Amino acid sequence: MSDPDVLPITSVVVTTDPTGLAVDAGLLAGQLTASSIAMYRRDWAAYAAWCAGADQSPFIATSLARWRTHLAEGTTLAPATINRMLSACKRLVTEGSRQGFLPAELAAAFAEVQGVKARALKGRQRSGTRTRIEPAEMRRLCDAPDATTLRGQRDRAMLATLASSGVRIAELVGLQVQDLHSRKGGYLVTVLGKTDTVPREAPLTGEAYHLIQVWLQARPVISTYLFTAFGGRGTKRVLATPITTTGAWQTVQGYADACGLTHITPHSFRRFLGTQLAAKDIRKAQRALGHKSIETTARHYVLDELEMGISEGLY
């Protein structure tokens, strides 16, 4: 497995053009949550990396339009994902203009760049969007890390947290020790999500809580973060800094590949929890996932399968 804690070049924070123009997702501080800002930062970094490879300035609207074409023709990304990435770049340029860092003409030109049409990319869906992960498969995945190693102890705790809490990957990496709670009758974590104005409570199994405690007691560093990174030669040294979103994603993908489970992403854990809970009580699923609207829960976390015998006994 490649080192999951090393951030790739595409995650550079600030992009500076030879003209002196620069942009950073920190422009949105105070407007969005930290997890949302991190997503904007990743989207701009992906755009900037493509511009660098194509010898294009990221501060020309035609570059954004050409990137859209690349995403549509050269990737398998879903239309919604492509449009989200384009919108992130346009919003950052607009905010840069509002704060006086970028010309207003540039923001206006970026705003004119249109997104892709879903019907033009008909049939293209995100891998695993509606794939059901069975409990036995989730158990096999969560048991995959080697519990005799420090990294395996961290990864077991991390996978169990994802599976039982439904937190997003960006929320997971930001969890701190103070967010872990033991209450009468169970355990939970408090998390500030991308649409939350105040922290919400997410469920946590006793198994996940125990695995977290094992990891915290075993790691040789003191940190406020629950899941810290590994670094140094051979990536065996435990750091006090949190694992990156990229590192966590690659960790999940590595174990999924080892288990022969295709189309698994960090969000698959959130979908697993939501689907399992919604099958029993959709209101509980809504609360656990932090959805403000129950329609969101029904749209994304209830698979449209016809239950056999559902009309039996109705008359």
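Trainee: What makes Cys-259 count as buried?

Mentor: In this predicted model, Cys-259 has a relative accessibility of 14%. Buried means under 20%, so Cys-259 counts as buried.

Trainee: How do you know that Cys-259 is in no disulfide?

Mentor: The nearest cysteine sulfur, that of Cys-142, is 9.3 Å away. A disulfide needs two cysteine sulfur atoms within 2.5 Å, so Cys-259 is in no disulfide.

Trainee: Why are H2 and H3 called roughly antiparallel?

Mentor: Helix H2 (residues 61-74) and H3 cross at roughly 160°, and their axes come within 10 Å. Angles over 145 degrees count as roughly antiparallel, therefore the term applies to H2 and H3. The crossing of H2 past H3 is right-handed.

Trainee: Which residues of H2 and H3 meet?

Mentor: On the H2 side they are Leu-64, Trp-67, Arg-68, Leu-71 and Ala-72. On the H3 side they are Ile-82, Met-85, Leu-86, Cys-89 and Lys-90.

Trainee: What makes H3 roughly antiparallel to H4?

Mentor: Helix H3 (residues 79-98) packs against helix H4 (residues 104-111) at about 160°, with the axes 8 Å apart. The angle is over 145 degrees, so H3 is roughly antiparallel to H4. H3 passes H4 in a left-handed crossing. Cys-89 and Lys-90 are among the H3 residues making this contact, and H4 contributes residues including Ala-107 and Phe-110.

Trainee: Which residues touch the most other members of the largest nonpolar core?

Mentor: They are Met-138, Leu-141, Leu-172, Ile-212, Phe-227 and Phe-269, in a core of 39 residues. Elements that each supply at least two residues include helix H5 (135-142), strand E4 (186-191) and helix H10 (266-278). The largest share, 6 residues, comes from H6.

Trainee: What does Phe-269 touch, not counting residues up to four places away in sequence?

Mentor: Phe-269 touches Met-138, Leu-141, Cys-142, Leu-159, Leu-162, Ala-163 and Val-252.

Trainee: Which residues does the second, separate core include?

Mentor: Ala-61, Leu-92, Ala-107 and Val-116 are among its 30 residues.

How values were computed
Residues are numbered from 1 along each chain as its sequence is written. This is a predicted model: local features need pLDDT of at least 70, side-chain atom pairs count only at pLDDT 80 or more; totals for chains, interfaces and linings use all residues. Side-chain values use heavy atoms; hydrogens and water are left out. Buried means under 20% relative accessible area, exposed over 50%, partly exposed in between (1.4 Å probe, protein chains only). A nonpolar core is a set of buried Ala, Val, Leu, Ile, Met, Phe, Trp, Tyr and Cys residues joined through side-chain atoms within 4.5 Å. Helices (H or I, at least four residues) and strands (E, at least two) are DSSP runs, numbered from the N terminus. Contact means heavy atoms within 4.5 Å. Axes are lines fitted to C-alpha atoms, for helices over the stretch in contact, and angles run from 0 to 180 degrees between N-to-C directions. Angles under 35 degrees count as roughly parallel, over 145 as roughly antiparallel, 65 to 115 as roughly perpendicular and the rest as oblique. A crossing is left-handed if the near helix is turned anticlockwise from the far one by less than a right angle, and right-handed if clockwise.
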